[in-house]
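Look at the sequence and the structure side by side. The paragraphs below go through them step by step.

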Amino acid sequence: MTIILIRTIILYLMVLFAIRIMGKSELSKLSPFQFVILFMLAELASLPIEDISLSLINGVTAIFTLMFLQVSISYLSLKNEWFKNFITGKPSILIENGAINEKELRKLRININDLTEQLRIKNASSLSDVAYAVIESNGDLSVILKPDKKPLTPGDMGIIKPREILPLVLICDGALYKKNLQRIGWDEEYFKSLLMPMNIHSYKEVLMAFCDEKKQLHVYQPSSDGTISVEVIV
């Protein structure tokens with residue numbers, strides 16, 4: 001039992017390290033090659049755990065080999081467009097200038113019903129509203145509406161909006177995020193002065209505090225009755 005526990009911890013850390021080195025990507029945006037790597041990593045990690053007669057060193061070596069392979073192929077994909085298209089595929093244009101590309105639909109084995117369903121998911125209610133529809137290399141559908149079907153933006157109306165900042169969490173579960181505080185240009189003394197009117201003397205009294213895109217501070221504080229009070233400081 002102890003041996004299995006130790007092997008599981010070691011292999012877990014190895015897989016976690018390998019995935020961290022291979023880079024960040026949402027599961028829905030993984031390429032087929034990245035899916036294969038993840039499945040192989042899971043299989044290679046599970047075999048030495050299930051069968052203690054298998055060498056742990058061999059399992060770790062295989063995991064690092066896959067990690068090296070993935071990083072190398074990713075680097076080559078950045079340098080060579082043909083190699084990138086060969087490994088991850090390239091986007092396919094299904095609708096171009098409002099015209100349906102039947103050849104690409106047949107190639108990808110997509111019928112009109114499937115296409116219209118995906119367009120509705122992307123908030124395009126009609127084929128006639130779409131200027132371009134592209135199947136990306138990860139299988140996701142990108143839709144560009146015709147100019148007269150796009151919603152109005154402040155820029156279209158000549159409205160100049162003030163510059164916004166990236167919303168950042170400043171306190172979470174009583175812990176201060178100093179780097180986020182620095183990113184918005186506040187020092188700790190100024191931050192404490194904002195909390196003082198709410199009778200907050202310790203960060204542990206705050207469940208969460210974040211600064212929104214308009215640089216307004218939102219503070220979530222637990223109440224004695226179990227509810228959470230929210231205050232906004234401009």
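A residue is called buried when its relative accessible area is under 20%, exposed when it is over 50%, and partly exposed in between, using a 1.4 Å probe and counting protein chains only. By that rule Pro147 is exposed, because its relative accessibility is 72%. Pro147 sits in the loop between S4 and strand S5 (168-172). From Pro147 to Lys79 is 68 residues in sequence and 35 Å in space, C-alpha to C-alpha.

The model is predicted, so local features need pLDDT of at least 70 and side-chain atom pairs count only at pLDDT 80 or more, while totals for chains, interfaces and linings use all residues. Residues are numbered from 1 along each chain as its sequence is written, and side-chain values use heavy atoms, with hydrogens and water left out.

Next comes the sheet. Strands of a sheet pair through backbone hydrogen bonds, either parallel or antiparallel. Here two strands pair if DSSP finds at least two bridges between them. Four strands make an open sheet in the order S2-S1-S3-S4, and the pairing is antiparallel. Strand S2 (99-100) and strand S4 (141-145) are at the edges with a single partner strand each, so one side of each has no neighbour in the sheet.

Strand S1 (residues 92-96) and strand S3 (residues 130-135) run antiparallel and are joined by four bridges. Within this pairing, Ile93 is opposite Val134 in S3, and Ser92 has Ile135 of S3 as its bridge partner. What does Ser92 touch, leaving aside residues up to four places away in sequence? With contact taken as heavy atoms within 4.5 Å, the residues are Glu104, Leu108, Ala133, Val134 and Ile135. Ser92 belongs to strand S1 and is buried, because its relative accessible area is 11%.

S3 also pairs with S4, antiparallel and over five bridges. One of the facing pairs is Ala133 with Val143 in S4. S3 and S4 form a hairpin with five residues between them, and Gly139 in the turn has a positive phi of about 95°. As for cover, five of the six residues of S3 are buried.

Most residues other than glycine have a negative phi, and most peptide bonds are trans. Asn199 has a positive phi, near 60°, and is not a glycine. Asn199 lies in the loop between helix H8 (188-195) and strand S7 (208-211), and it is exposed, at 55%. Lys215 is another residue other than glycine with a positive phi, near 65°. Lys215 is placed in the loop between S7 and strand S8 (217-222), and it is partly exposed, at 36%.

Now turn to charged side chains. Side chains of opposite charge can pair when their charged atoms come close. A salt bridge is counted when a side-chain nitrogen of Lys or Arg is within 4 Å of a carboxyl oxygen of Asp or Glu. How many salt bridges does this rule give? The count is three. In one, Glu102 pairs with Arg106, with the closest N and O atoms 3.9 Å apart. Both lie in helix H5 (residues 102-108), four residues apart, about one turn of the helix. Another salt bridge joins Lys122 to Asp140 at 3.4 Å, N to O. This pair links distant parts of the chain, 18 residues apart: Lys122 is in the loop between helix H6 (112-121) and S3, and Asp140 is in the loop between S3 and S4. Lys149 and Asp129 form a salt bridge too, with their closest N and O atoms 3.8 Å apart. Lys149 is in the loop between S4 and S5 and Asp129 in the loop between H6 and S3, so the pair ties together parts 20 residues apart in sequence. Lys149 is partly exposed, at 43%, whereas Asp129 is buried, at 13%.

Last come the cysteines. A disulfide is a pair of cysteine sulfur atoms within 2.5 Å, and a search of the whole structure finds zero. Cys172 is partly exposed, at 27%, and Cys211 is buried, at 0%.

Definitions and conventions: Helices (H or I, at least four residues) and strands (E, at least two) are DSSP runs, numbered from the N terminus.
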